[in-house]
Amino acid sequence: MLRTVILAAARSSRCEQFVATAPYTRDIVRRFVAGARTDDALRVTRALVQDGLAVTLDNLGEDTVTPEQATAVRDEYLNLLELLAAAGLTPATEVSVKLSALGQTFDEQLAYDHARAICVAADTAGTMVTLDMEDHTTTDSTLDILLKLREDHPSTGAVLQAYLRRTESDCRQLAGAGSRVRLCKGAYREPESVAYQSAHDVDRSYVRCLNILMSGAGYPMLATHDPRLIAIGEDRARWFDRGPDRFEFQMLYGIRPEEQARLVGDGYTVRTYVPYGDQWYGYLMRRLAERPANLAFFARALMHQG
Ligand SMILES: Cc1cc2nc3c(=O)[nH]c(=O)nc-3n(C[C@H](O)[C@H](O)[C@H](O)COP(=O)(O)OP(=O)(O)OC[C@H]3O[C@@H](n4cnc5c(N)ncnc54)[C@H](O)[C@@H]3O)c2cc1C
């Protein structure tokens, strides 16, 4: 129920205006988002890489509605990749890209062309691209574009969401040699017809998918903060003899940083997903919807300004 309300607020421009202008909420935004500018992304990345973490950078922006916006997002990634290479932050840093930000909702070919340009720039910079996964109406289109991109850029990473009923089968399709697959639970509100609804069913699906990926020939990227799933990931890594160059854990910036450090200390590869940019609202609301404790923190900050 609470999750539904927050995800509805994520689509409300009035609510966005309120959150964006409230002084105390800015600190909360900063906890989860590197900052609005490319410089902020580089600064945060440098610090994380120094701490032994790998990074994936996401320029926040979704639901792009004009070709001009899509081109601006592409150009930001091209600029970012050049700066990362110049700063010596590749290959430890890759980029995560949302096809909707590149125009997928109104022109799939445009989104593909822009994603391809970003893959070429990532090759030049000595790093890789992962395509984020969005709501289930985009899954087929995103996987089609992924397969086309992989023809010339085989390292392009996929994201699969354990809450979708189809994902076990997608994992089997994508568990082949060299295939980078990020497995997450899934962050959107999805209907029962396509997605498991209870946390327990989603967790069980996550484990089935994790087993397929960890026993396969690809490169699994286990994206979760869930202690039980992380422990299962560690167990399967031992079982399938996967060292730090054959799979990785991934977590979001600002969430369980001490656990990220613990895993690095234990010799695992851990990649922090770092969002930056001024369109942070939808991202922040999805994070709040995931965890009541984050919401309480947020509500306290709002009360302070009254
Ligand atoms: C690197 C990365 C990339 C992602 N990319 C995508 C994507 O492309 N598409 C998509 O739909 N979703 C994506 N997600 C989001 C994902 O789908 C989940 O919505 C999100 O990760 C929360 O799920 P969880 O696995 O952490 O489990 P949850 O069920 O949210 O949390 C499980 C447990 O983790 C611990 N935990 C969680 N949050 C915290 C916290 N703030 N502090 C302390 N403990 C905490 C708690 O013990 C909690 O009970 C991504 C997530 C990550 C980490």
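Before starting, I noted that a polar contact is a pair of N or O atoms within 3.5 Å. I also reminded myself that this model is predicted.

Entry 1: Next I checked Gly186 and found one of its backbone N or O atoms 2.6 Å from an oxygen atom of the ligand. For Met133, a backbone N or O atom lies 2.8 Å from a nitrogen atom of the ligand. How much of the ligand does the protein bury? Taken alone the ligand exposes 950 Å², and the protein buries 83% of that.

**Entry 2: the neighbours.** I found 25 residues around the ligand, and Met133, Gly186, Thr224, His225 and Glu290 come nearest. Sorting the shell by class, I got 11 nonpolar, six polar and eight charged residues.

Entry 3: Which element gives the most to the shell? I found that S7 does, with three residues. Strands S4 (158-161), S5 (180-184) and S7 (248-252) and helix H12 (281-290) each supply at least two.

Entry 4: I saw that the ligand takes up the space of the largest pocket. I then looked at the unreviewed UniProt entry, whose "binding site" annotation covers Met133, Gln161, Lys185, Gly186, Ala187, Thr224 and His225. From this set, the lining of the largest pocket takes in Met133, Gln161, Lys185, Gly186, Ala187, Thr224 and His225. Last, I located Lys185 in the loop between S5 and helix H9 (199-215).

Terms used
Residues numbered from 1 in each chain as written. Predicted model: local features only at pLDDT ≥ 70, side-chain atom pairs only at ≥ 80, totals over all residues. Heavy atoms only, no water. Near = heavy atom within 4 Å. Polar contact = N/O pair within 3.5 Å; in protein donor to acceptor, adjacent residues only side chain to side chain. Areas by Shrake-Rupley, 256 points an atom, 1.4 Å probe, with all protein chains shown as cover. 1 Å grid on protein atoms, 1.4 Å probe; cavity = no way out; pocket = protein on both sides within 12 Å on 5 of 7 lines; lining within 4 Å. Sits in = over half its atoms within 2 Å of the grid points. Helix = DSSP H or I, 4+ residues; strand = E, 2+ residues; numbered from the N terminus. Nonpolar A, V, L, I, M, F, W, Y, C, P; charged D, E, K, R; others polar. UniProt positions renumbered as here; feature names shortened; annotations may be inferred.
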